[in-house]
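Please consider the sequence and the three-dimensional model shown below.

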Amino acid sequence: MALLLAASSATPSRAGFAWCPPVQGQTEVESSRKAQEPSIDQEKPVPSGPATTFSEQISLRDLAVACAHSLDIPLEFDPAAMTGDVRLVPGALYSPQEVQETFERELVVRGMTTVQPPGAQVLRVAPLADAPSLARLEGVSLAGARAGFVKVLVPLSHRTPEEILPILQMLISKPAGSITPAKEASTLLIADLRSNVAQILAFLDLLDRAVDEPKIVEIVLRHTSPVAMGALIERVTASRKSVAGEALDGALLALPENRSVLVIAPEGEVDWWTNAIARFDRPEPVITQSYVPERFGLAETAKLLDELVRGDIGTESPRTWRVVQDQLTGTLFVTTTPSKHEEVKKALHRLEATSPDGRRPMRVYSIRHRQVEEVLELLQDLLAAGVLEQPGGAKALEPAPAPPQGVTAPLQQATSTRIVARASMPSGDITLSADEGTNRLIAFGPAPLLDQLGNLIATLDVRHAQVMVEALVLSLSESQTRDLGFELQRTGSLGSAQAGIANLFGLGSPDPNLATLPPASGAGFSGVVLEPGEFSAVVRALETLNHGRSLTIPKVLVGNNQEATLDSTVQTPYASTNASTTVATTTFGGTFDAGTAIAVKPQVSDGDQIVLDYSVSISAFVGQPADPSLPPPRQETKLRSVVTVPDGSTVVVGGLEIENKGRSTSQAPWLGSVPLVGTLFRDDSKSSSKSRFFVFLRCNVVKGRSFEDLRWTSAKALEDAGLEGDWPTLEPRIIR
């Protein structure tokens, strides 16, 4: 059963106020009640009636009736739920608002509250859990709100719901209160007891205010790094807060890439930040100390320090950070500020304190210009000789006292050197292995020795100089022969005896007894006189002239201290006869070679002087073999020497001239020696020959790292071959 109480002018009961009891279970409503509750847009203030006094103890139901009379608004409630008494201050005056607040507190204690449903003109007592769904939406000012539990929709002007919600959640009552953000509309829906909502709205006035934009100033640093300046200013502001009692609103951001800092602060604080940065932007002292890494190599340790201590490359100038690797002594010379030196020492201490895990460092070295087997063999010989052994027994010198540190320290030029003692490490600790497939060398061993090994490999693995050797082999030959001979025959009779006389040298004089001339034969000039039966005479003259020229121009590219050969030969086969008692067998006996063979071995010395070890052989067949089973006769000329030629110069390294002269005479004794007339009684033959053999060598050192010289020297040959570039041009075609 529910009761509907309304304010009336009836005579007060024993409780001190008038009320209308229910009639036969039905709800009674006062006829004089106000017609309509104002909407949100037409809010009316809560009426303030006269103050009321109460006795010391009153029932909750009577207090509900008194609250309805004082507020002049109907109140619906369940009488069964309104149980219990409420203690008040006897004789005290309670205003209508105080009566309602007292009534609302008692309801909240019992898990209830009053709500005004949307469109309703009455208040209703409802459980707290149901209040958010029953209460109507009130105006932001709460001027027309009469219920104990209200809902308001609050728009935000300057802040977002995400920024304010975490703070407001602490003001919400539990468990009925709630705040729901509407992110798209930047609005908050607040549902809670009216007193809590009023408190939240007052707090929102403080939070949702326009914030002045801070001023952003970029200050370029001249001496101090941005990171160091940021750390110092942070300590200064912390100390200032502990002394002055208040913190600054500004902040400082370091920009290492620009060597500057950003000050973000209200306009009134910008001058303080600017002056503080200008005061501390002083040059920091720079000192040099030496460090000897034990566990790892110089290069990898220097790279680690560069990334770990120095930070981003480019943030430190060469004046404040410099690392020099001394490969001779295995030392790192670091030039930087004292604060950086402390970081270097800590980093090296961590590296040296790392316990070994049984694995030895490994390095892979690419061999670019030589064969890996050749380098491996050479390195093994050097390691066996103890090339990489490091002497021990060096005394450790204590470092000099560190100067004052920090950006405010005075500028100093002191230099401190630190040498770390190290024990001897024999080169036998290194294990080498060659990877022939990739032409790489794999090494295992201590890091310092591996560093020295890398330097040694870099010294040995240099690109060999190449030499373009052009040889011009010229062979000139001249020969001349002259033959002049007479033959005479005479026949006759001396009495009854026949007589004949002849001067014959094989020229073919006809028989005088024959009446016909023989046919002309042989080479050269010949003349025949025949008197049949009397005499015959023949004269023959022949002169032969030969001129020969043979030119060979081979070209070969050869590496430094490498041997190159160029052979151009002709092979002549000959037979071999095996005779036995029964049958003779003829087989292939082999070949005999004749031609040009050149072998060169250049060595490039300082100043591009080329020491050339060369040999040149020229051979030729000079006639027919005496027997088919024998090779033909061959003439061979060889030159071999070691010369030094300048780069790009042409020099004659071989010159041979052979001259032969001969004369032969066949004559009749005594008669052939008679002057003038003796010519008729002899056969003269003269011969002369001359051969000249020259070898010209031109050596050019190929110096271009990308072998541009080879392109230049090959251009003429490519042009003669009709090719454009290094290879024939490939044209695209459609593939279906």
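The model is predicted: local features need pLDDT of at least 70, side-chain atom pairs count only at pLDDT 80 or more, and totals for chains, interfaces and linings use all residues. Residues are numbered from 1 along each chain as its sequence is written, and side-chain values use heavy atoms, with hydrogens and water left out.

The protein contains 12 helices and 32 strands; helices (H or I, at least four residues) and strands (E, at least two) are DSSP runs numbered from the N terminus. Of its 736 residues, 35% count as buried, where buried means under 20% relative accessible area, exposed over 50%, and partly exposed in between (1.4 Å probe, protein chains only). The accessible surface comes to about 43100 Å², of which carbon and sulfur atoms hold 54%; accessible areas come from the Shrake-Rupley method with a 1.4 Å probe, and for residues only the protein chains shown count as cover. Among contacts (heavy atoms within 4.5 Å) between residues at least 6 apart in sequence, 67% join residues at least 24 apart.

Side chains of opposite charge can pair when their charged atoms come close. A search of the whole structure finds 14 salt bridges, each defined as a side-chain nitrogen of Lys or Arg within 4 Å of a carboxyl oxygen of Asp or Glu. One of them joins Arg 136 to Glu 138, with the closest N and O atoms 2.9 Å apart; both of these residues are buried.

Another salt bridge pairs Glu 470 with Arg 698, at 3.0 Å between the closest N and O atoms. This pair links distant parts of the chain, 228 residues apart: Glu 470 lies in strand S22 (residues 466–494) and Arg 698 in strand S32 (residues 682–702). Glu 470 is buried because its relative accessibility is 18%, whereas Arg 698, at 35%, is partly exposed.

Glu 659 and Lys 661 also form a salt bridge, their closest N and O atoms being 3.9 Å apart. Glu 659 is partly exposed at 45% relative accessible area, and Lys 661 counts as exposed at 69%. Elsewhere, salt bridges that share partners join Glu 470, Lys 555 and Arg 698 into one network.

Val 674, Leu 676, Val 677 and Leu 680 make a nonpolar surface patch of about 360 Å². Patches consist of residues with over 30% relative accessible area and no salt bridge, like charges being joined within 9 Å and nonpolar side chains (Val, Leu, Ile, Met, Phe, Trp, Tyr) within 5 Å. Val 674 is located in the loop between strand S31 (650–667) and S32, and its relative accessibility of 35% makes this residue partly exposed.
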